[in-house]
Amino acid sequence: MTLPSFLMVARPRWHVIYALPRMEAVAQGQLDRQGFEVFFPRMWQAWRRALRIETIRAFMFPRYGFARLDPDRRRWRSINSTLGVPGTVMARERPQPVPHGEWKRWWPPRPTTASLSSTAA
């Protein structure tokens with residue numbers, strides 16, 4: 001299996017960004033417009049709604065996404081003032097990169113099923 005280009009390890013590395021509740025799509029659009037390569041992983045999920053089961057695309061990590069950047073070469077602080085993004089995961093005043101190989105634990109996404117237990121009427 002070949003990996004998508006966004007998972008290849010190279011400089012610049014992937015960093016974790018934090019989004020406001022239900023604003024992941026807005027944050028992704030705003031960061032795309034600024035020229036950042038952004039990734040909010042999604043997966044198919046089954047949900048019970050109005051007595052029927054629907055399959056929806058849900059965010060794999062609600063409120064968290066990834067942005068590829070090189071803090072030494074690019075102005076990254078604009079991410080923190082982007083609509084829908086309160087900040088990035090930081091360490092010592094700098095964005096914290098995702099550890100090498102960490103993505104292997106969650107890629108490729110596996111389908112999950114939300115709790116579909118029936119409720120007593």
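In the hairpin made by strand 3 and strand 4, two residues lie between the strands, and alanine 50 adopts a positive phi near 50 degrees. Keep in mind as you look around that this is a predicted model. Strand 3 (residues 42-49) and strand 4 (residues 52-59) are paired antiparallel through eight bridges. Arginine 49 faces arginine 52 of strand 4.

Four strands build an open sheet with antiparallel pairing, and their order is 2-5-1-6. Its edges are strand 2 (37-39) and strand 6 (87-88), each of which pairs on one side only. Strand 6 runs antiparallel to strand 1 (residues 13-18), and two bridges join them.

| Strand pair | Sense | Bridges |
|---|---|---|
| Strand 3 and strand 4 | antiparallel | eight bridges |
| Strand 1 and strand 6 | antiparallel | two bridges |

What about the nonpolar residues? In soluble globular proteins, nonpolar side chains tend to be buried together. The largest nonpolar core here has 13 residues, of which Ile17, Leu31, Val38, Phe40 and Ile79 touch the most other members. Helix 1 (24-33) and strand 5 (64-69) each contribute at least two residues to this core. A second, separate core has five residues, among them Trp14, Val16, Phe39 and Phe66.

Beyond its neighbours within four places in sequence, isoleucine 17 is in contact with residues including Leu31, Val38, Phe40, Tyr64, Phe66, Ile79 and Gly87.

Notes
Residues numbered from 1 in each chain as written. Predicted model: local features only at pLDDT ≥ 70, side-chain atom pairs only at ≥ 80, totals over all residues. Heavy atoms only, no water. Pairing = 2+ DSSP bridges. Core = buried A, V, L, I, M, F, W, Y, C linked by side-chain atoms within 4.5 Å. Buried < 20%, exposed > 50% of the residue type's maximum accessible area, 1.4 Å probe, protein only. Contact = heavy atoms within 4.5 Å.
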